[in-house]
Amino acid sequence: MVLLEVKSLRVYYYTPRSIVRAVDGVDIYVERGESLCIVGESGSGKSTLGLSIAGLIEPPGRVIDGEVIFDGEVIVSSRFTKTYGYLGKRITMIFQDPRAALNPVMRIGDQIAETLVHSRGMEPGMARERALELLRSVEIPDPNRVVNSYPHELSGGMAQRVVIAIAISTEPDLIIADEPTSALDVTVQAQILRLLKRLVRESGRSLIFITHDLSVAMEICDRIAIMYAGKIVEEGSIKDIIEKPLHPYTIALLGSIPRMGSKRSRLSVIPGEPPDMGSPPSGCRFHPRCALRFHPCDRSEPAPIRYIDGRRIACFLYGGGDEPPKA
Amino acid sequence: MGENMRIQLPSIIRELLMKKAGLAGVLIVSIISLLSILAPIIAPYDPLDQRLDERLNPPSFRHIMGTDKLGRDIFSRVLYGGRISLFIAISSVALAVAIGILIGLISGYVGGSIDNALMRITDMFLSFPALILALAIAAMLRPGLVNVIVAIALSTWPQYARIARAITLQIKSEPYIEAALSIGSTRIRVLATHIVPMVIPQIMIQATLNLGGAILTAAGLGFLGFGVPPPTPEWGLMVSEGRDLIQSHWWISTFPGLMIFLSVVGFNLIGDQLRDILDVRYRV
Amino acid sequence: MAFVVIGIATIVFFVTRVIPADPIGAILGPQAPPEVVDRIRREYGFDKPVYQQYIDFIVNLLRGDLGRSISTNRPVLEDIKERLPATFELATASLLIALLIGIPVGIISAIRKDSSLDHMLRIVSLFGISMPVFWLGLILLLVFYYTLGILPGPGRLDPYVQEPPRITGLITIDSLISGNMAAFINALLHLILPASVLGYLSSAYIARITRASILETLKQDHVRFARSKGLPWREIVVRHIIRPSLIPIVTVIGLVYGSLLEGAVLTETIFAWPGLGSYLTRAMVFMDYNAIVGGVIVIALIYSIVNLVVDIIYVYLDPRIKYG
């Protein structure tokens, strides 16, 4: 049962120099209890996508076209943003740098309690109690100390646990996590991932996990959408994508993951640079860096099509142009 | 940042002129400067010329800003006063910058107990509100143009010393400095060729931002009677000359004060715009 | 701290001894017989060599003795103690006005950035930091007293009003304490004009700093996170924007106080305000060395103490800073 649907979303940033088409025609969906990963390089628009779903786009950014539909209601469109009652309650977010996300002059306990007081109308005393419970549920060893601490006194991992605690405190249906582990040490990353995965699965929540790291995505997601230059280039179940990647970009991404015992002795690096989103390449946006490009690729953009196993792919190799599919 | 800055200067100036505030500031400052420079040509009367039969006249066609208690044309005096006020402001900032850079460089580069001592002295100077110190110095020296400049400079150099020292400390440990020293460059040469070019742009920015304040300080000293001595027209002095007559002869104090206000607004507009531009460019 | 005080004093001392002028001769005038001049000079210790004068000066300073005023013939410390409350009253009233106007203006300006309201407020603030304080004082005096007559003229109290007993030296407070409402109102009215002039200029400075501080805070991630929590905008503004922004503003208050002291020096004579500022300017006119030195030292001391207090408050307010 589909919980969230994003239809033809376009979000542009109007800067003095150019118009940055950060999200340029994106269609994705998330079912109840499902974890979807959005994977892309920096500049691919994945963070903007996450923010747009939450309705947090601010000028100079604007939703130009498309809709975000949550549980049947349109909450974001080019005409309005109606996230009141959803954001902070049924949809919550986790950001990349946990210590920057927390208010530096407010105690942790107060920051957790404020969400509870506002979203659930709790009494401050009860909220404090609940805050301690929540801290325990995110595996913080000494909740009593943490509840009275300030963000700068916590390590990155602890701070992110606090942020997660806040995110789950309202028992949301959907959590949007924007690179939650990128700012953490590798060992801590694994812990946080495991924690997040457990919390999401146990409660049947949906998760949108945004990352640039495909190996991280493999740990936590059911489905994955690969994003490049503002567009989704491939989308499918994690199993399908890993075992049989279709889009050249996905193939290249998989080739650049270090794997133990792999026969490859070198990591393959994707040649070229990420595109300038103020003036993206013509045609298929990946074509300048694509090893498999052929002649329609610089001329027009491939439309996403449904592949045989239910996946979506936007690449001329698989059709979508005037020529029959090559592969 | 220093090297970068020099190359970027033309584009910074261009951006300055493109924004409304910056353009307005540049216009105001240019007009006032122009009027001051051309004072000998534009001024209808000699600023020191006393016409006792035309004393205390309100603004009219003959005297567009009226006359003061000695019958001198206020408009002419305001024009010539501009030269004095602008000259004092620029000179005092320049002198303060020179002193500040010198002390800051030495302090930062030599380090150790000299650094400590110089910084203590800097702190001591900073424990006075600037005007008070300038006033004390100016009051003790005989009234005069040079003395006013010295007084203001001595009360404002510490901030430049701090900037110079901070930058020097930052650069001092950079590898290319060590490299230069190891191939035999003398310390002075290193200072001059590597450190100074990095110090100057930052300080110039700060100095530009302070020009408005310098005009106000100079006017304040003039108002209290510790600036250039009469009969030289200086805006602050002119305001004080009209003080006792303000009730019946408002124009004597109002116009010179207005000029102070307008020129400081001009410099501050430029300063604000400059700060905005550089903020955007040098965001970490 | 004591080191700084001595340093201040040293600077002031040498500044005043730079020119080998003869203050006694200047004050007594050329008609005075030389023996009288010499005697008085000896009395004030100006006949001793400079280094000796300096040592005496420092020693006396540490004992709290600032010497005698040459023009009033009273101990400088006494004079200053008498005049200090007037300036304190003025500075405090001005600071209150500056904070009550400046901070809200800065907040509104930042939150409604680039709106026409913001532009208007920024222009008013720009004018505020560009105006010569003595000029504004004169103009407002002209308009509100001489022309419109709605505010009283120079001085702290009208002569026909009964002065309250001197308890704190602040006429407003003293009249409240002694129940003299007529004096209270009158003193307040007299305070309005000078405090408004100084207050406006300082409020402009505070508004600008507040605006900048809030704009900085708005860029930070925790504001976005607070929004993602679905909190009402008002709560976000108060708890997540204003509170963290206030801390840098506190540090500025020390500087603002310094400019208030400068403003006092420049405007007390205009408003016939018998405070430290007019004392100092008068001393300078009369070349009253001891009074000048004493006055400048006291002002510098007040400034240093205020900044020290501000630093302490800052450390206390910002949980990120640990003292030590």
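**Exercise 1.** Determine how many helices and strands chain C of this predicted model contains, and state their pattern along the sequence.

*Solution.* Following the sequence, the pattern reads α-α-α-α-α-α-α-α-α-α-α-α-α.

**Exercise 2.** Describe burial and contact separation in chain C: what percentage of its residues is buried, and what share of the contacts with a separation of 6 or more joins residues 24 or more positions apart?

*Solution.* Step one concerns burial. Chain C has 324 residues, of which 44% are buried. Step two concerns contacts. Among those in chain C with a separation of 6 or more, 69% link residues 24 or more positions apart.

**Exercise 3.** Characterise the side of chain C that touches chain B by residues, elements and class.

*Solution.* Begin with the counts: 37 residues of chain C contact 35 residues of chain B. Next, assign elements. Two or more residues each come from α1 (2-16), α6 (116-130), α7 (133-147), α11 (233-267), α12 (276-285) and α13 (289-317) of chain C. Finally, sort by class: this side of chain C holds 29 nonpolar residues, seven polar and one charged.

**Exercise 4.** Carry out the corresponding analysis for the side of chain A that touches chain C, and identify which element gives the most residues to that side.

*Solution.* Here 23 residues of chain A are in contact with 16 residues of chain C. The elements of chain A that supply two or more residues are β6 (91-94), α2 (98-101) and α3 (108-120). Of the elements, α3(A) gives the most, with four residues. By class, this side of chain A comprises 13 nonpolar, seven polar and three charged residues.

Conventions
Residues are numbered from 1 along each chain as its sequence is written. Chains are lettered from A and ligands numbered from 1 in the order in which they are written. This is a predicted model: local features need pLDDT of at least 70, side-chain atom pairs count only at pLDDT 80 or more; totals for chains, interfaces and linings use all residues. Two residues are in contact if their C-beta atoms, placed from the backbone, lie within 7 Å. Ala, Val, Leu, Ile, Met, Phe, Trp, Tyr, Cys and Pro count as nonpolar, Asp, Glu, Lys and Arg as charged, and the others, Gly among them, as polar. A residue is buried if 20 or more other C-beta atoms lie within 10 Å of its own, exposed if 12 or fewer, and partly exposed in between; C-beta atoms are placed from the backbone.
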